[in-house]
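Please read them with the structure open.

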Amino acid sequence: MIRWRKGEVVRIRREWPGAVELDVTVPEGECRALAYPPLVGRPEPGDEVLLNTTALAMGLGTGGYAMVVAVPNRLPQDPTGPGHLVKARYTPLQATVLGADEQDSPHHDVLREADSLDGMPVIVADLHSALPPILCGLYAGGSPGTPRVAYVMQDGGALPAWFSMAAARLRELGWLAGVVTVGQAFGGDVEAVTVHTGLLAARRVLEADVAIVAQGPGNLGTGTRWGFSGVAAGEAVNAAAVLRGRPVAALRVSEGDKRERHYGISHHSLTAYGRVALAPADVPVPVLPGEFGERVKDQAELLAVRHRLVPVPVDGLREALADSPVRLSTMGRGLTEDLAYFLASAAAGRLTTSLLS
């Protein structure tokens, strides 16, 4: 189940909040590795490191790193301070964090009886890669940081929020007011037990005007109707609705993915929103040209039984996307390789702007 290697750190490649990318020598040669200093300490050149090379050996596009499990000759100091939530529970790297909703938290009194999002729009997306284009659509023609946006990261993909360079950069630039990690995910500005308390923390602790809910990088799919981590998008719609928020269901649309189940509107969106989401949501349907645009429009009609379909013009959104402060990429495709994907995500941001006004 795990491929173990010992290696020696050759150099530091780059780093961002919560993560350090390394070059490490292993018996097979030199490889790229990733360490999370809050978990294992900060490796330095010359350090021996214990690695999990499973994802690297599998050639995973998102997670193709050797992961640093420990720096055995220079262990970090024991953690201090409050925090009783255990995440990545009962794994070798289980970690304690301070949850916003736990008794020792300064926010416990605020969240103890909290039960409403006060109509806050909650944009739900299948893939982590939707986060930057949603923000591009939300801020198109306006000032980043207004409205305040929180990212609520589910645990269907990467568990550490630190893995996402995009989220770290968006946070640094003020495009995000903060990151809330929920379920088994950890490493956000705010920790919470469930999507429900995560949304309430976004509203009450981070004082967000909008929340975006999506899994971390690296979704899981099996080519079956139900075996994909994006099923949780439907549950997020339900959570937003029961807390009296306003769910906005961003569609996963692709013209670059030629697989029938993902071409046009992905079956992930049709299943999560059409079968799992039991509460109504606003569904932004991008107005795309030609035969492909007609396909998207027709597929969206399958969701009209429960949801409100809202046609959203996409004029000007390509320019907004081109100005994204972080690299746009989904399933290895950039803006020019799958423009429809990014336009559909940006359309969710554009629709939400109109809801706020």
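1. Tyr341 is buried at 4% relative accessibility, and Phe342 is buried at 0%; buried means under 20% relative accessible area, exposed over 50%, and partly exposed in between, with a 1.4 Å probe and protein chains only. This is a predicted model, in which local features need pLDDT of at least 70 and side-chain atom pairs count only at pLDDT 80 or more, while totals for chains, interfaces and linings use all residues. Residues are numbered from 1 along each chain as its sequence is written, and side-chain values use heavy atoms, with hydrogens and water left out.

2. There are six aromatic pairs in the structure. Rings of Phe, Tyr and Trp (its six-membered ring) pair if their centres lie within 6.5 Å; planes under 30 degrees apart count as stacked, over 60 as edge-to-face and the rest as tilted. Tyr139 and Trp175 make an edge-to-face pair, because their ring planes stand at 90°, with the centres 5.3 Å apart. This pair links distant parts of the chain, 36 residues apart: Tyr139 belongs to helix H4 (residues 131-139), and Trp175 to the loop between helix H5 (165-172) and strand S10 (178-181). Helices (H or I, at least four residues) and strands (E, at least two) are DSSP runs, numbered from the N terminus. Both partners are buried: Tyr139 has a relative accessible area of 4%, and Trp175 has 12% relative accessibility.

3. How are the rings of Tyr341 and Phe342 arranged? Their planes are at 90° and their centres 5.1 Å apart, so this pair is edge-to-face.

4. Two further ring features deserve a look. One aromatic cluster is formed by Tyr36, Trp162 and Phe186. Arg32 lies over the face of Tyr65, 4.2 Å from the ring centre; a charge sits over a ring if NZ of Lys or CZ of Arg is within 6 Å of the ring centre and within 35 degrees of the ring normal.

5. Five strands close into a barrel with mixed pairing, in the order S1-S2-S3-S5-S4. Two strands pair if DSSP finds at least two bridges between them. Strands S2 (residues 19-26) and S3 (residues 29-35) run antiparallel and are joined by seven bridges, with a hairpin of two residues between them. Across this pairing, Glu21 stands opposite Leu34 in S3.

6. S3 also runs parallel to strand S5 (residues 66-70), with two bridges; Ala33 has Ala66 in S5 as its bridge partner. S5 is antiparallel to S4, with three bridges, and Asn52 is partnered there by Met67 in S5. Strand S1 (residues 4-16) and S4 (residues 48-52) are antiparallel, joined by five bridges. In S4, Val49 is the bridge partner of Gly7, and Leu50 stands opposite Lys6.

7. Helix H8 (residues 267-276) is mostly covered, with seven of its ten residues buried. They are His267, His268, Ser269, Thr271, Ala272, Tyr273 and Val276. These residues pack against strand S8 (121-124), helix H7 (232-242), strand S13 (246-249) and strand S15 (264-265), where contact means heavy atoms within 4.5 Å. At the start of H8, a side-chain oxygen of Ser266 comes within 3.0 Å of the backbone nitrogen of His268.

Methods:
A polar contact is a pair of N or O atoms within 3.5 Å; within protein, one must be able to donate a hydrogen and the other to accept it, and residues adjacent in sequence count only if both atoms are side-chain atoms.
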